Amino acid sequence: MLDVRSLKTHVFSSRGVVRAVDGVNLAIGVEETLGLVGETGSGKSMTALSIMRMIPYPGRIVEGKILLEGEDLLTKTQAQMTNIRGSKISMIFQDPMTSLNPVFKAGYQVSEAISTHQQLATSESWKRAVEMLNLVRIPDAPTRAHDYPHQLSGGMRQRTMIAMALSCRPKLLIADEPTTALDVTVQAQILELMRELRRRAGTSILLITHNLGVVAEICDRVAVMYAGKIVESADVKTIFRKHKHPYTKGLLGALPKIGSYKENLESILGSVPDMINPPSGCRFHPRCPHAKETCSLTEPRLVELEQEHMVACHFVRD
Amino acid sequence: MAVVTATAVLSPLTPSDPNAIHLEDQLALMTIKHILGADFHGRDVFSRLVHGARVTMVVATVTVMVAAVIGTLTGAIAGYVGRKVDAIIMRTMDIILSFPAIVLAMALTAALGPSLQNSMISITVVTIPAIARVARGQTLVVKEMDYVQAARAIGVDDASIIFRHIIPNCLGPITVQATLYMAVSILTTASLGFLGLGAQPPTPEWGADLAEGMRYMREAPWVAAFPGLAIFTAALGFNLLGDGLADIMNPRLRE
């Protein structure tokens with residue numbers, strides 16, 4: 001469905017070239033949910049914005065292919081992209097508090113999404129908007145549609161966002177940390193909603209998150225991203241049980257487990273490297289507990305360990 | 001401010017024609033017949049003030065409105081599109097701003113020929129950059145908001161984003177700025193009138209009346225004093241209104 005090949009997105013800042021996304025390969029099947037996991041600054045959001053072709057200046061996609069149903073999005077003009085956004089790929093953002101325009105009614109914003117892609121009478125698109133709000137389980141949608149964003153709770157705003165994003169039945173929904181800003185109970189509701197809508201509308205989802213709980217909850221496959229590269233990808237079970245890459249291990253180790261008591265959670269030492277001068281060889285080697293000399297010299301390739309389980313580490317067999 | 005507006009609206013109801021000449025009342029003192037006295041031509045100062053309010057309000061409103069529309073559009077486009085377009089638009093605005101407003105307005109009016117209409121055109125021109133700057137600054141803030149990104153992500157085109165998402169969210173500060181510029185516009189109108197570049201006699205206009213009254217300052221100070229007072233009050237009123245609006249729009253003070 002979506003096939004991203006050796007995508008490179010660089011940001012040409014005054015300090016130098018930031019290699020935010022540096023050769024990423026991703027594939028998402030129909031109705032599949034792929035979780036893209038990584039620390040802040042690992043390039044997850046830049047990957048998402050690249051797929052939307054919404055990289056802010058001075059960033060630029062320098063290389064790669066983004067195939068959506070076989071068509072390369074990178075060859076499209078801006079006007080064609082505007083048309084594709086919303087109707088084929090849609091995106092929802094992290095903070096529902098600021099993602100709705102404060103001066104318009106919730107219903108209007110959903111109807112705007114609809115009328116952008118379809119010639120409809122105002123009353124007709126309003127009706128469709130109310131249906132969408134109903135679908136995302138906003139109680140009493142016909143009345144709530146007349147509310148302004150500040151009258152809605154965080155969960156309801158995120159539901160409105162989802163309604164907007166899905167109103168034209170896109171093939172792919174990119175969700176950039178859709179639950180991070182919400183209460184835990186509301187998070188669960190939103191995830192449940194996304195799962196249900198995926199089944200109903202047959203939408204594929206690219207879920208960007210650093211919350212591994214969310215990943216376990218909803219994703220089919222997971223790609224772990226570090227410093228602009230995918231370091232491991234596999235189906236959810238493999239990632240949680242048979243992960244190979246030390247970074248994946250570190251991420252999972254930093255997660256508290258119910259039922260086992262630990263004095264300190266393990267953390268990964270250091271922080272995400274400066275992407276203007278990324279470390280030589282394996283980019284994780286300065287923080288990796290198992291790093292040997294080769295790690296700083298040659299870059300490990302992404303190798304297929306088992307069916308669909310890709311790892312980029314020199315010592316993957318050990 | 002409210003008094004000035006009300007006066008302007010109700011001006012046709014005043015007792016006497018502002019241009020009616022009563023030679024027997026030349027420079028008359030304040031009496032029942034002329035409650036604020038009469039000028040050199042025996043015209044009623046009060047009537048001229050009241051009708052002058054109308055001229056002033058029309059000039060101030062029209063110039064600021066037109067400037068606000070043009071300024072908002074150009075500023076929003078400059079801020080949204082950025083880079084080259086931004087540079088061209090804003091440097092043009094800077095050129096206009098680099099002259100003192102009143103000097104440029106005078107030069108423009110003089111070049112176009114002294115008349116009320118030409119003074120309105122030049123006041124509009126010198127007001128545009130002030131509005132455009134605010135609009136651009138606000139656009140830069142608003143365009144980074146998530147809802148603008150979200151609108152782009154559902155395929156809303158640039159023109160709709162500017163008109164539906166950016167401009168409505170910029171209107172607060174622009175309104176404040178425009179109100180403050182009403183005061184400036186009133187002062188500039190009066191100044192141009194005073195210098196003989198604005199409203200031409202016998203149009204009742206405060207600045208022009210003030211200039212004429214100046215000549216009889218010794219014999220009849222009221223002829224000059226009242227138009228001056230009117231200009232002062234109107235400008236002060238709009239300044240206070242602008243400040244008040246700024247306070248109301250300040251989110252920290254709201255709710």
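1. Chain B has nine helices and zero strands in its secondary structure, where helices (H or I, at least four residues) and strands (E, at least two) are DSSP runs numbered from the N terminus. Along the sequence, the pattern of chain B reads α-α-α-α-α-α-α-α-α. A word on conventions: this is a predicted model, in which local features need pLDDT of at least 70 and side-chain atom pairs count only at pLDDT 80 or more, while totals for chains, interfaces and linings use all residues. Residues are numbered from 1 along each chain as its sequence is written, and chains are lettered from A and ligands numbered from 1 in the order in which they are written.

2. Staying with chain B, 48% of its 255 residues count as buried; a residue is buried if 20 or more other C-beta atoms lie within 10 Å of its own, exposed if 12 or fewer, and partly exposed in between, with C-beta atoms placed from the backbone. Among its contacts between residues at least 6 apart in sequence, 68% join residues at least 24 apart. Two residues are in contact if their C-beta atoms, placed from the backbone, lie within 7 Å.

3. Helix H9 of chain B covers residues 221-249, 29 residues in total. From first C-alpha to last, H9(B) reaches 42 Å, close to the 42 Å expected at 1.5 Å a residue; the expected span is 1.5 Å times one less than the number of residues. Its buried residues include B:Trp222, B:Phe226, B:Pro227, B:Ile231, B:Phe238 and B:Gly242.

4. Now to the interface, where 14 residues of chain B are in contact with 23 residues of chain A. Helix H6 (146-153) and helix H7 (158-194) of chain B each supply at least two residues of the side that touches chain A. H6(B) gives the most to that side, with six residues. By type, the chain B side divides into seven nonpolar, four polar and three charged residues. Here Ala, Val, Leu, Ile, Met, Phe, Trp, Tyr, Cys and Pro count as nonpolar, Asp, Glu, Lys and Arg as charged, and the others, Gly among them, as polar.

5. One residue to look at is B:Arg152, which lies in helix H6 of chain B. Why does B:Arg152 count as buried? Because it has 22 C-beta neighbours inside 10 Å. Leaving aside neighbours within four places in sequence, B:Arg152 is in contact with A:Met54, A:Arg85 and B:Ile161. B:Asp86 is 66 residues from B:Arg152 in sequence and 20 Å from B:Arg152 in space, C-alpha to C-alpha.

6. Chain A has an open sheet of eight strands with mixed pairing, in the order E6-E7-E8-E3-E9-E10-E12-E11; two strands pair if DSSP finds at least two bridges between them. Strand E6 (89-92) and strand E11 (303-306) stand at the edges with a single partner strand each, so one side of each has no neighbour in the sheet. Neighbouring strands are turned by 25° against each other on average, direction ignored. Axes are lines fitted to C-alpha atoms, for helices over the stretch in contact, and angles run from 0 to 180 degrees between N-to-C directions.

7. E10(A) is mostly covered, with six of its seven residues buried. E10(A) pairs with E9(A) in the antiparallel sense over six bridges, and A:Asp235 of E10(A) is the bridge partner of A:Arg221. In the hairpin of E9(A) and E10(A), two residues stand between the strands and A:Ala227 takes a positive phi near 50°. Two bridges join E10 (residues 229-235) to E12 (residues 309-311) of chain A, again antiparallel. Across that pairing, A:Glu232 stands opposite A:Val311, and A:Met310 is the bridge partner of A:Ser233.

8. Helix H1 (residues 44-52) lies across E3, E6, E7, E8 and E9, at about 150° to E7(A). Helix H10 (residues 246-253) lies across E3, E9 and E10, at about 105° to E9(A).

9. After H4(A) comes A:Arg137, with a positive phi near 65°.
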